[in-house]
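Subject: Structure handover and findings

Hi,

Here is the structure we talked about. My notes follow below it.

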Amino acid sequence: MAESILKVQNLSYQYSGENQALKHVSVDIAAGERICVVGSNGAGKSTFFLNVNGVLTPDAGEIYFKGHHVGRNKKDLNDLRRGIGIVFQDADNQIIASTVMGEVSFGPMNLKLPKAEVQARVDEALDYMNLEAFKNRAPHYCSGGEKKRITIADIIAMHSEVIIFDEPTAALDPLNAVILEEVLGKLVDQGKTLLISTHDMDFAYRWAKRLLVFADGEIIADGTPETVFADDAIRIKANLKKPMLLDVYESMVSRGLAQDTGAYPKNILQFEKWLDQVKA
Amino acid sequence: MDRGWIWVIPPLLLCLAGAVLKACRHRGEPRHHHQGWGHKHGEATLSIDIYAYMSKISGWNPGFKVGLSVILLLMCVIANNMVVSLSVILITSTVTVVLGDMSLHHYLNLLTVPVVFLVAGSIMVLINFSWTPVAGAVANLNCHWFTIYITATSVHTTLLLWGRAFGAVCAMYMMSLSTMSGEIFSVLRRCHVPKLVIELMNMMYRYIFIMLDTQSRMKNSAQSRLGYCDFKTSIYSFGQSMGNLLIVSMKRGSQFYDAMESRGYDGDLVFLEEEKPLDKKMLLAAGLVISYLAFVWFVTTRGAGYYG
């Protein structure tokens with residue numbers, strides 16, 4: 001197991017006047033993991049993200065970033081925010097500057113980097129998200145998909161080790177969703193640790209190596225997608241829909257159309273390969 | 001005819017040369033069909049800042065553009081001189097339309113906004129009231145109980161006022177139609193305007209678009225549910241949407257702050273800006289324009305007082 005990059009112990013958080021949003025959440029995340037965070041609306045996913053980013057201050061519990069305990073002081077919190085970036089769900093809530101370049105530079109500028117370094121990072125992030133042509137445009141005249149790309153470039157420019165995406169596919173058309181998945185692949189190749197909250201179980205099933213299931217402020221399951229989806233009790237408690245391919249696979253096996261080889265195909269290519277295999 | 005008017009000829013020639021240049025540049029392009037004059041409600045006025053992003057001269061140094069516009073504006077207002085005002089109008093319009101390559105139609109459209117205010121405001125300067133018809137007035141309008149009359153002096157004052165106001169508007173348009181708002185804010189910061197004011201400007205500017213967007217979405221959804229079917233319902237729906245807008249804004253404000261904090265915001269709102277070096281030739285051209293105007297001002301005020 002790789003070294004732990006983010007460790008949360010017994011984290012609790014309550015919004016003022018509301019019921020408890022997080023109840024004793026503990027999780028240990030290793031560097032380079034691909035994690036999907038799933039669970040119904042209001043299960044505590046976004047609250048969890050804001051807590052581990054130091055934006056919300058937990059009522060109880062400890063956070064360790066790269067083995068160091070994160071205190072309540074400004075320096076620790078700034079280190080945490082430097083290391084963990086969040087791509088927010090609603091791009092309009094994140095975009096602040098009046099040009100795309102200014103917007104992407106906001107994070108690096110706050111890191112107090114020298115100007116040349118900021119410029120280099122902005123150029124790199126814009127190139128990464130294929131946004132060079134938008135450099136001097138106004139974000140408010142960009143389309144939804146373009147805004148999403150801008151917000152991702154924002155975080156890439158900060159060179160965070162951990163990147164959290166809060167429901168990134170929610171507002172995207174299929175083409176932009178494919179582009180997003182390519183970007184996620186590139187980020188994984190660079191060794192970034194990714195946490196993605198999503199309601200798209202097909203995506204979670206094919207992309208994630210680990211699933212965190214939130215229900216009612218608690219993590220009720222933590223494991224590989226196969227094990228989580230195999231547990232009906234958890235699936236029902238968290239209101240998760242079974243991924244299509246898993247459903248098809250299991251139906252075929254239960255009807256005796258194919259034997260269970262334990263392949264669990266995650267995308268169409270793997271599925272076809274498995275079909276060829278069982279047919280032979 | 002007074003000799004002072006010949007000083008309008010050089011700017012006029014400049015303007016004509018610009019028109020020819022623009023015509024040549026756009027030769028062979030299909031003509032657009034415009035839907036009448038005047039600005040469209042809700043759209044044209046709100047997206048006025050998009051011209052700054054499209055302008056060909058948006059690459060000029062922002063400090064230079066702001067500085068030049070302010071100097072021309074001040075000259076125009078202080079000189080109170082018809083020839084100077086006309087020259088400023090011609091020169092700044094040429095810069096905006098020809099160098100900035102903005103569509104003339106759009107430019108004139110935008111100018112209709114201040115024209116309305118100008119006409120409304122200057123009527124009281126133009127006309128005078130009297131109980132009896134006035135001898136020697138340009139026009140007398142008998143209204144039975146009293147007379148409205150216009151004198152040569154009042155016509156002159158009104159024209160002077162128009163020229164002055166229009167010159168000022170054109171100078172400001174030259175700036176705002178070619179300089180992105182973010183850049184104007186940063187010029188202000190360099191002029192030592194308090195940081196708090198600048199940050200507020202930045203956030204308000206960004207927030208205006210979010211609010212407009214939210215409002216238009218709420219309005220559309222209310223409209224699709226017959227929320228604007230008659231006057232009474234419209235008033236009710238409008239009030240509801242305004243109240244909702246307040247709540248939504250407060251909520252979004254806090255989400256906005258979360259997002260800023262998560263990117264390490266610590267009280268300093270600074271963005272990277274593109275370096276736009278100051279061109280010496282441009283500085284020279286601006287110097288020429290300003291000294292020409294100063295010269296015209298001097299020449300025309302020294303003689304007859306007619307222009308100022």
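Contact here means heavy atoms within 4.5 Å. This is a predicted model, in which local features need pLDDT of at least 70, side-chain atom pairs count only at pLDDT 80 or more, and totals for chains, interfaces and linings use all residues. Residues are numbered from 1 along each chain as its sequence is written, chains are lettered from A and ligands numbered from 1 in the order in which they are written, and side-chain values use heavy atoms, with hydrogens and water left out.

The interface

On chain A, 37 residues are in contact with 34 residues of chain B. Together the two chains bury about 3300 Å², 56% of it on carbon and sulfur atoms. (Buried area is the accessible area, with a 1.4 Å probe, that two parts lose on being put together, summed over both.) A:N93, A:F106 and A:Y141 lose the most area to chain B on the chain A side, together 20% of what that side buries.

The polar count is 15 residue pairs in polar contact between chain A and chain B, both at pLDDT 80 or more. (A polar contact is a pair of N or O atoms within 3.5 Å; within protein, one must be able to donate a hydrogen and the other to accept it, and residues adjacent in sequence count only if both atoms are side-chain atoms.) Five elements of chain A each supply at least two residues to the side that touches chain B: β6 (84-87), α3 (91-94), α4 (100-110), α5 (115-128) and α6 (144-156). (Helices, H or I with at least four residues, and strands, E with at least two, are DSSP runs numbered from the N terminus.) α4(A) gives the most, with eight residues.

A:N93 sits in helix α3 of chain A. A:N93 is buried, at 7% relative accessible area. (Buried means under 20%, exposed over 50%, partly exposed in between, with a 1.4 Å probe and protein chains only.) Its side chain makes a polar contact of 2.6 Å with that of B:Q255. Beyond its neighbours within four places in sequence, A:N93 is in contact with B:R252, B:Q255, B:F256 and B:A259.

In α4(A), eleven of its eleven residues are buried. They pack against α3, α5 and α6 of chain A, together with α9 (231-262) of chain B. Just after α4(A), A:K112 takes a positive phi of about 60°.

Salt bridges

The whole structure holds 25 salt bridges over all chains, and seven cross the interface of chain A and chain B. (A salt bridge is a side-chain nitrogen of Lys or Arg within 4 Å of a carboxyl oxygen of Asp or Glu.)

- A:R81 pairs with B:E261 at 3.9 Å, N to O. The pair runs from helix α2 (residues 74-83) of chain A to helix α9 of chain B.
- B:D266 pairs with A:K112 at 3.6 Å, N to O. B:D266 lies in the loop between α9 and α10 (280-302) of chain B and A:K112 in the loop between α4 and α5 of chain A, so this pair joins two chains. B:D266 is partly exposed at 35%, and A:K112 is partly exposed at 48%.
- A:R210 pairs with A:E33, with the closest N and O atoms 2.7 Å apart. A:R210 is in strand β9 (residues 210-215) and A:E33 in the loop between β2 (20-30) and β3 (34-38), 177 residues apart. Both are buried.

Best regards
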